[in-house]
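Please walk me through this model, one selection at a time. Tell me what to pick in the viewer and what is there.

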There are 2 protein chains.
Amino acid sequence: MQQQLIFTNQVGETLDQLVTDINPSSVFVLVDPNTAQFVLPVLQADSKVIAAETSSVIQIPAGDIHKDLDTLRTIWQHLSDHQASRSALLINIGGGVITDMGGFAASTFKRGIHTINIPTSLLGAVDAAVGGKTAINFNGIKNQIGTFAPADAVIISSIFFPTLTIQETLSGYGEMIKHALLSSEQTLNDLLNYSIKNPPSDPDRLLALVKESVSVKENIVAQDPTEQNLRRSLNLGHTVGHAFEALALKRHSPIPHGYAVVWGIIVECILSNMLEGFNSEILYRLATYAKDEYGIFDITCDDYPDLLQFMSQDKKNILPDLINFTLLRAPGDIVLDVTPSHDNITAALDIYRDIMGI
Amino acid sequence: MQQQLIFTNQVGETLDQLVTDINPSSVFVLVDPNTAQFVLPVLQADSKVIAAETSSVIQIPAGDIHKDLDTLRTIWQHLSDHQASRSALLINIGGGVITDMGGFAASTFKRGIHTINIPTSLLGAVDAAVGGKTAINFNGIKNQIGTFAPADAVIISSIFFPTLTIQETLSGYGEMIKHALLSSEQTLNDLLNYSIKNPPSDPDRLLALVKESVSVKENIVAQDPTEQNLRRSLNLGHTVGHAFEALALKRHSPIPHGYAVVWGIIVECILSNMLEGFNSEILYRLATYAKDEYGIFDITCDDYPDLLQFMSQDKKNILPDLINFTLLRAPGDIVLDVTPSHDNITAALDIYRDIMGI
């Protein structure tokens with residue numbers, strides 16, 4: 001099952017058309033306090049369906065700590081108390097917590113009702129391509145309980161991204177930079193010519209970039225649905241990125257995952273330059289962009305043993321002690337399963353510090 | 001997705017072979033106090049997998065009132081605490097409560113682990129053909145939350161039926177009589193020549209009857225998966241049966257659903273005889289069997305207005321005031337959507353009282 005992806009900044013109109021096509025018995029809208037305050041009023045002004053007195057709003061607390069069984073029960077209870085039938089529709093409006101948990105509630109209520117997702121975060125929008133995973137956290141483990149249940153449709157719009165923190169937006173853009181590197185130099189240039197920290201006023205440009213990025217991911221997943229080879233390239237930046245995250249945690253000053261991936265991408269592009277001939281001019285442009293938009297993750301050579309240790313423990317490694325990387329000959333020219341020596345990795349970290357001006 | 005149905009009374013051996021094929025990372029067994037006491041020891045003696053110290057038993061309280069979110073949480077918690085991975089296996093051993101709830105837990109834990117169902121009730125075994133529906137009750141509504149998730153395999157055996165009450169067994173046999181009437185006179189004769197209340201010692205005969213019955217249902221469902229026409233014939237006996245149940249409830253002395261269906265079948269076969277030429281000799285044999293095995297549901301002509309009222313409210317009716325029946329020209333020769341007059345129905349109830357000796 002494939003979910004319909006719709007890229008538009010005319011959200012209200014698009015939503016009304018979709019709901020007309022689905023023709024649900026009743027309409028429910030799932031929001032958190034953030035989307036209730038900043039997104040719902042916009043949609044209520046634009047969409048007949050959302051504005052209708054017959055549509056019923058379910059508000060749940062914001063944040064991953066509430067992505068749990070208690071909140072799930074609240075959603076089920078609301079649907080049940082309002083006599084939602086099998087042909088009811090749940091519209092999930094929010095970040096990953098809302099779409100994951102709303103998706104799970106909808107896929108299990110009466111064994112599945114209709115759903116439309118409206119991701120309001122850039123990360124959620126970029127992730128929407130690989131659809132159908134729903135979940136809640138359980139017993140302290142992320143996404144421990146869930147289903148595979150594609151939504152009827154996902155409406156992807158850039159107009160709501162400013163309602164979320166710049167940190168969340170930068171994290172999503174990090175994913176897009178990774179996709180661009182796996183696609184082509186042109187796609188990468190498009191991203192590096194756009195400042196996500198200080199975006200121009202035109203949201204349609206960003207929407208076009210998101211659409212391009214989603215199609216890169218769709219292509220990769222379509223070519224390798226069971227993650228035998230190419231799909232593992234989506235781990236680009238993560239070998240070093242996870243090590244940076246672990247080091248930051250050890251220092252008691254955690255960094256956002258998306259930032260760690262961007263800094264990790266820089267190191268892995270340096271390795272790509274050293275071992276696979278990746279163009280150094282592109283590398284420098286990328287590093288400059290990262291520095292300007294994301295700042296710097298500060299390391300010294302005293303951190304190298306820790307970083308190598310963290311990389312050795314990476315669960316992507318196939319043989320013990322051989323650290324597994326996805327590298328690039330050029331943007332879009334992917335080399336899987338490269339295992340550089342520790343000396344190579346150390347040299348790359350030296351160059352990272354040099355380029356970033358540490 | 002189709003679940004594998006295996007009819008066998010060598011349960012332990014079959015189970016061990018299935019588990020070898022699935023090759024799970026760990027094995028969990030879901031039981032209630034009843035199956036823990038009467039079924040688990042038999043399997044522990046017969047099956048290496050169940051006897052293994054590595055297999056982990058989850059025991060939950062018996063009964064439909066415990067088919068709820070709290071019990072579900074207990075199952076998830078056990079799987080989580082015992083580090084069940086995506087390739088773990090849950091073996092559900094019990095009646096519908098165990099297989100429905102265990103199936104739901106397994107289909108949602110890490111978005112789906114392996115499952116094998118071993119229905120221990122006759123009704124569960126007969127229902128196993130239409131696989132993949134899992135559920136819990138929620139907010140006082142039966143099966144309000146669930147998934148479509150076929151098990152890897154269902155092992156159907158007759159050796160455990162005596163561990164359940166005779167009432168449950170008779171209810172399951174009522175379903176089988178219905179299937180036989182939808183199939184052929186031969187299938188019906190096979191059932192009427194077997195006393196389910198006082199079964200012979202050979203469980204293999206009953207297993208063969210169950211297998212035949214399941215294949216009838218499979219055929220009907222395969223011919224009409226979306227319940228447009230033929231599948232509605234599975235409502236045979238239910239128009240009058242539901243009315244009998246409602247009347248019994250009004251009298252504050254409820255009757256088991258499966259019994260009500262059998263008595264309903266008698267009345268509907270009388271109507272079939274009156275309106276569609278159904279053979280009266282078969283009708284009498286059927287009525288005698290029902291009387292001997294199920295006893296009699298007692299009605300007087302004073303109950304007719306209530307019964308007609310209950311039938312008029314049946315949600316299967318297409319037009320108001322026209323009571324919709326599935327009737328038979330002969331066993332296996334089905335006539336859908338017959339709407340007899342109230343006089344016809346009253347006459348049939350008169351004949352029912354006469355045949356049953358009321």
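## A strand residue in chain B

Select B:Asn143, which is partly exposed because 17 other C-beta atoms lie within 10 Å, a count between the 12 or fewer of an exposed residue and the 20 or more of a buried one. The model is a predicted one. B:Asn143 sits in strand β7 of chain B, residues 141-148. Look at its backbone: phi is positive, about 55°, although B:Asn143 is not a glycine.

## A loop residue with positive phi

Where is B:His252 found? The place is the loop between α11 (238-250) and α12 (257-276) of chain B. B:His252 is a residue other than glycine with a positive phi, near 60°. It counts as exposed, with 6 C-beta neighbours inside 10 Å.

## A buried serine

Now select B:Ser157, in the loop between β8 (153-156) and α8 (166-181) of chain B. Is B:Ser157 buried or exposed? B:Ser157 is buried, since 22 other C-beta atoms lie within 10 Å. Show its contacts next: leaving out residues up to four places away in sequence, B:Ser157 touches B:Thr8, B:Asn9, B:Val11 and B:Leu207. For a distance to check, draw a line from the C-alpha atom of B:Ser157 to that of B:Arg205; the separation is 11 Å, and the two residues are 48 residues apart along the chain.

## Where the chains meet

Show both chains. How many residues does each chain bring to the contact? Chain A brings 18 residues and chain B brings 17 residues. On the side of chain A that touches chain B, colour α5 (69-81), β6 (133-138) and β7 (141-148) of chain A, each of which supplies at least two residues. β7(A) gives the most to that side, with 6 residues. By class, the side of chain A that touches chain B has 7 nonpolar, 7 polar and 4 charged residues.

Then compare the two sides. Of the interface residues of chain A, 94% are also interface residues in chain B, so the copies meet through the same surface.

A rotation of 180°, with 0.0 Å of shift along its axis, places chain A on chain B with an RMSD of 0.0 Å. The two copies are therefore related as by a two-fold rotation axis.

## The nonpolar core

Select the largest nonpolar core, which has 207 residues. Which of its residues touch the most other members? They are A:Phe28, A:Leu30, A:Ile266, B:Leu30 and B:Ile266.

Zoom in on A:Leu30. Neighbours within four places in sequence set aside, A:Leu30 is in contact with A:Ile58, A:Ile60, A:Ile75, A:Leu90, A:Ile91, A:Asn92, A:Ile93, A:Ile98 and A:Gly102.

## Two packed helices in chain A

Two packed helices are described by the angle between their axes and the distance between the axes. The crossing of α8(A) past α12(A) is left-handed.

Show the side chains at the contact:

- From α8(A): A:Leu170, A:Ser171, A:Gly172, A:Gly174, A:Glu175, A:Ile177, A:Lys178 and A:Leu181.
- From α12(A): A:His257, A:Gly258, A:Tyr259, A:Val261, A:Val262 and A:Ile265.

The contact of α8(A) with α12(A) divides into 7 nonpolar, 5 polar and 2 charged residues.

Select A:Asp190 in helix α9, residues 185-192 of chain A. A:Asp190 is partly exposed, with 17 other C-beta atoms within 10 Å. The C-alpha atom of A:Asp190 is separated by 7.5 Å from that of A:Leu209, which is 19 residues apart from A:Asp190 along the chain.

Go on to A:Ala246 in helix α11, residues 238-250 of chain A. A:Ala246 counts as partly exposed, with 19 C-beta neighbours inside 10 Å.

Finish at A:Gln309, found in helix α14, residues 304-312 of chain A. With 12 C-beta neighbours inside 10 Å, A:Gln309 counts as exposed. The C-alpha atoms of A:Gln309 and A:His257 are separated by 19 Å, and the residues are 52 residues apart along the chain.

Note on methods: Residues are numbered from 1 along each chain as its sequence is written. Chains are lettered from A and ligands numbered from 1 in the order in which they are written. This is a predicted model: local features need pLDDT of at least 70, side-chain atom pairs count only at pLDDT 80 or more; totals for chains, interfaces and linings use all residues. Two residues are in contact if their C-beta atoms, placed from the backbone, lie within 7 Å. Helices (H or I, at least four residues) and strands (E, at least two) are DSSP runs, numbered from the N terminus. Ala, Val, Leu, Ile, Met, Phe, Trp, Tyr, Cys and Pro count as nonpolar, Asp, Glu, Lys and Arg as charged, and the others, Gly among them, as polar. A nonpolar core is a set of buried Ala, Val, Leu, Ile, Met, Phe, Trp, Tyr and Cys residues joined through C-beta atoms within 7 Å. Copies are superposed by least squares on the C-alpha atoms of residues with pLDDT of at least 70 in both. A crossing is left-handed if the near helix is turned anticlockwise from the far one by less than a right angle, and right-handed if clockwise.
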